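Take a walk through this protein, one part at a time. Keep the structure in view as you read.

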Amino acid sequence: MNNRKKPILQVKNLSVDFPIHKQTIKAVQDVSFDLYAGETLCVVGESGSGKSVTARAILQLIVNPGKIMQGELLFESLEGAVDIAQLDKKGKQIRKIRGNEIAMIFQEPMTSLSPVHTIGHQLVEAILLHNDISKAEAKSQAAELLRRVKIPNPEQALNSYSFEFSGGMRQRAMIAMALSCKPKVLIADEPTTALDVTTQAEILDLIAELQKDEEMAVLFITHDMGVVAQIADRVMVMYRGQKIEDGLVQQVLEQPKEAYTKALLNSVLKLETPPMHAKPDAKPKTIIDVKDLKLQFSSGGGLFKKPTLVVKAIDGVNLTINEGERLGIVGESGSGKTTLGRSLLGIYPPNEGVINYTRKTGEIIQIEKANKATLKSIYGEMRMIFQDPHSSLNPRMTIFETIAEPLRANTDMSMAQMRDRVQFLLEKVGMPSEVANRYPHAFSGGQRQRICIARAIALNPRVIIADEPTSALDVSLRHQVLDLMLNLQKEFGIAYIFISHDISVVRYFCDRVAVMEKGKIVEIGDVAQICDAPQHPYTQKLISSVPRPDLKYRKKPLLQTTMAYGDV
């Protein structure tokens, strides 16, 4: 077996500070760890724990005003041992290491890929930067890299732009770029968080395959303990800038030592053990009835030309939503989940089909035919919670103004009544009323999502369409937000349409589940039946792709070694 006594990267007593205004944020405090060739070290922890800052420090990519205050970053480079912490972050030496010997994959590929240059141009540029070869040879290597990361028609894909790729293909292109110079170390910062489960499984398999071929060390940052259980050899847990615990994956997941690690794992296990779902009434009252819904988007063409591309976003959907139920809609990116949710609100008018909404009065409204005034009145009864709480809150509006906005637009409440109502809503979502005069930037992701929920329930809605409401949250916050939504349902009788690609969240939260593929509902049924005994091949593929936070489902052999990381 390999001798691991000499690590390829040693991080010793790393501390990183961000001096902001009159205070200093200690983002990383005295963190030490080793990384060995051919192994995967997963770094886990909540947002703000220092995971990404630690990773960026290794490549001297910390944004201003951040600064490495102390520590060593000892790397076995091609030119000999070097302390990266002592290098000029704009100098030649660090530029030789970046991308060439240590590569990084970022969470959001669209922020890393140029929208104005082709994928081929960017790949060729990365290859030429570190290799003394001709442009023709670099282009040939670029096509081979795209083939290796399983992008179809690689020669043709070289001429494509990033916005023409799906999320999974963009991430594959980023991996191809990161691996273009066969790095010794790959740093992957939440590379699969925004991807659906099937694409995530493909990306994880791809990284594992390339790691095996190149004996590459992988530093993988994630908050998904299912991913950790499947790919990690060792795990490091971070909290508030400090290393709390580290060890072999089997030790950290099955015998954690620290209270924080136990709490983190308990949050995951809670989602794995769904609460008892109440049985629906024998004759549930239908609120929304969707019949033969079709919606297509056209692109290309000009003023007098026909569209060159027609996408069937919704292709003949039939669906009912009952009073007080929680209906989950799952599927891969591009399956039509979000488009369906927005169509139910009249945001996207369908090409064909009927959306009947039954109001409290018993009046039936056809949403696809409703005028603006009718839709406005319905928006008091049907509300939406969006995926990203940061972008769905106006940074220039106080929390009071944000939550009071639907009250101001849809009621004739006085200012005093609105203040009382906002105070009541904040208390309902577990926020102190004194935060009403603060702005969104002062809150964490979980707190922002609570504010979004308070805004959604301001008008006592009957239906809330929740579009990936927990995907931007840490695992420790997810069940808190889900439990909050469940409690609000019990109190106000809200029906939820819950759109998600996270099967564990859907299993925990929903009563029924509809599975979408290419604009169609391919299977619908009770949550237990869909998650535990799926009938359709697509649903089976979806469920089997979910990484489980349990080592018994792991395919990769477990690393057996001592904590000294000697011979294995």
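This is a predicted model, and its mean pLDDT is 88. Of its residues, 93% reach 70 or more.

Now turn to the sheets. Strands of a sheet pair through backbone hydrogen bonds, either parallel or antiparallel.

Strand β3 (residues 40-44) runs parallel to strand β9 (residues 234-239), and 4 bridges link the two. V44 has its bridge partner in β9, and that partner is V237.

Next comes an open sheet of 6 strands with the order β16-β17-β18-β13-β19-β20. Its pairing is mixed. At its edges stand β16 (382-385) and β20 (520-526). Each of these has a single partner strand, so one side of each has no neighbour in the sheet. Neighbouring strands of this sheet are turned by 20° against each other on average, direction ignored.

Zoom in on β17 (residues 463-467) and β18 (residues 495-499). These strands run parallel and are joined by 5 bridges. V463 is partnered by A495 of β18. Helix α16 (residues 475-492) packs on the sheet, where it touches β13 (326-330), β16, β17 and β18. The direction of α16 makes about 155° with that of β18.

The largest pocket has a volume of about 1300 Å³. Its lining counts 36 residues, and E46, S47, G48, A472 and D474 lie nearest its centre. Which elements each supply at least two residues of this lining? They are β2 (23-35), α1 (51-58) and α15 (445-456). By class, the lining of the largest pocket has 11 nonpolar, 15 polar and 10 charged residues.

The structure also holds 6 cavities of 30 Å³ or more. The largest cavity contains about 390 Å³ of space. It is lined by 25 residues, and the closest to its centre are D224, R478, D502, S504 and P547. Two or more lining residues come from each of α7, α8 (225-231), α10 (259-272), α16 and α17 (503-509). Of these, α10 gives the most, with 3 residues. The lining of the largest cavity has 10 nonpolar, 9 polar and 6 charged residues.

The second largest cavity has a volume of about 60 Å³. Residues lining it include T40, L204, V218, F220 and K556. Both α7 and β8 supply at least two residues of this lining. The largest share, 4 residues, comes from α7. By class, the lining of the second largest cavity has 6 nonpolar, 2 polar and 1 charged residues.

Methods. Residues numbered from 1 in each chain as written. Predicted model: local features only at pLDDT ≥ 70, side-chain atom pairs only at ≥ 80, totals over all residues. Heavy atoms only, no water. 1 Å grid on protein atoms, 1.4 Å probe; cavity = no way out; pocket = protein on both sides within 12 Å on 5 of 7 lines; lining within 4 Å. Points joined across faces, edges and corners; volume = space filled by probe spheres on them. Nonpolar A, V, L, I, M, F, W, Y, C, P; charged D, E, K, R; others polar. Pairing = 2+ DSSP bridges. Axes fitted to C-alpha atoms, helices over the stretch in contact; angles between N-to-C directions. Contact = heavy atoms within 4.5 Å. pLDDT = per-residue confidence, 0-100.
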